[in-house]
Amino acid sequence: MGHSSTYSFSLNIYNLFLRQKFNVLHPIVYLKPLLRNFCHNLHIDMNGRKEKEWKIFSEQDDYELKFKSYGILILNRPITVSPEKVIKLWNEACWRITIDGGTDKWFDFVKQHSLSPSLPNYVTGDFDSIKHETLEFCKQQDEITVINTPDQDFTDFDKALDVLMKTCPHKLDCFVAVLEHSGRLDQTFSNINTLARASIDGFMISESAITWLLCPGYHRIYIPHYLRNRKAYCGILPFAPEAKVTTKGLKWNLSE
């Protein structure tokens, strides 16, 4: 991709949503599904800096995302990602946090699909949306630590991420947040802003998108054959006064 700006990049998988973080103007890249002739690697050139490889998609399994050491956050939105994908992400996470009303969403999801996952390590939030009986249940569980985070200068997502970073006993490579887009643009931007503030890589996962940040430099995103064979639309949306973007591997590539 180019330099000095913000982009949103979307690729179809079930949708891929990328975002980039730059030193000055903060770019965001958005990948969206239906790339007809999407080659094996997507090269994103940001001002000629060191290449970073992204191999987060399994080569064989459509339900598998390949993260290393990560924590998982469940936000207060309906969970529409497939049960197979969500339960695998949950079980393989080093640390698990449900956020306020997201705790109700998680327990309802587990019950609806007859799943038997481990309990969350932490339940956080200002508790304005969680059901009273759910909160009391969590307080009674030895496996769960309940933390009230009432500071209104930050979102529940911000505060839960802070709890994750301070309490996880493992060194994390990234975090995964499961949340469906609400349709409110302010909430979408707020969630992207949380990714931009994070000290480690973060991925937001919904039924139709995966969103993450790209730091300045040259990026190579590996796309498995089963995703390349699907139809996917790709768009790049700048979020800054000026965006210089260079791509290789798209049907219609950009050159600055």
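1. In which sense do β6 and β10 pair, and over how many bridges? The two strands pair in the parallel sense, over 5 bridges, where pairing requires that DSSP finds at least two bridges between two strands. Within this pairing, A177 is the bridge partner of L73 in β10. On β10 there are also 5 bridges to β11, and these two strands likewise run parallel, with D201 of β11 as the bridge partner of C174.

2. A word on the basis of these notes: the model is predicted, so that local features need pLDDT of at least 70 and side-chain atom pairs count only at pLDDT 80 or more, whereas totals for chains, interfaces and linings use all residues. Residues are numbered from 1 along each chain as its sequence is written, and side-chain values use heavy atoms, with hydrogens and water left out.

3. As an overall description, the protein chain comes to 6 helices and 14 strands, these being DSSP runs numbered from the N terminus (H or I and at least four residues for helices, E and at least two for strands). Of the 256 residues in the protein chain, 51% are buried; buried means under 20% relative accessible area, exposed over 50%, and partly exposed in between, with a 1.4 Å probe and protein chains only. Among the contacts with a separation of 6 or more, 68% are accounted for by residues 24 or more positions apart, a contact being heavy atoms within 4.5 Å.

4. Returning to β10, the strand is mostly covered, since 5 of its 5 residues are buried. The cover extends to both faces, with C174, V176 and V178 buried on one side and F175 and A177 buried on the other.

5. Helix α1 (residues 83-92) has K85, V86, I87, L89 and W90 as its buried residues. The elements that cover them include β6 (70-74), β7 (95-99), α2 (102-112), β10 (174-178) and β11 (201-205). From C-alpha to C-alpha, K85 and L65 are 8.0 Å apart in space, while 20 residues separate them in sequence.

6. Two packed helices are described by the angle between their axes and the distance between the axes. For α2 and helix α3 (residues 132-139), the axes come within 10 Å and cross at roughly 85°, the axes being lines fitted to C-alpha atoms over the stretch in contact, with angles from 0 to 180 degrees between N-to-C directions. The two helices are therefore roughly perpendicular to each other, given that angles of 65 to 115 degrees count as such, under 35 as roughly parallel, over 145 as roughly antiparallel and the rest as oblique. The contact is made by T103, D104 and F107 of α2 together with T134, F137 and C138 of α3. By class, it has 3 nonpolar, 2 polar and 1 charged residues.

7. T103 lies in helix α2 and is buried, with a relative accessible area of 0%. If its neighbours within four places in sequence are left aside, T103 is in contact with T98, V123, I130, T134 and C138.

8. Side chains of opposite charge can pair when their charged atoms come close. A search of the whole structure finds 7 salt bridges, each defined as a side-chain nitrogen of Lys or Arg within 4 Å of a carboxyl oxygen of Asp or Glu. One of them joins E92 to K88, with the closest N and O atoms 2.9 Å apart; E92 and K88 are 4 residues apart in helix α1, and so about one helical turn separates them. E92 counts as partly exposed at 42% relative accessibility, and K88 is partly exposed at 27%.

9. Another salt bridge links D162 and K166, with the closest N and O atoms 3.1 Å apart. Both residues lie in helix α4, 4 residues apart, about one turn of the helix. D162 counts as partly exposed at 36% relative accessibility, whereas K166 counts as exposed at 65%.

10. In the salt bridge between R197 and D158, the closest N and O atoms are 3.8 Å apart. This pair links distant parts of the chain, with R197 in helix α5 (residues 185-197) and D158 in helix α4 (residues 156-167), 39 residues apart. D158 is buried, with a relative accessible area of 14%.

Methods. Nonpolar A, V, L, I, M, F, W, Y, C, P; charged D, E, K, R; others polar.
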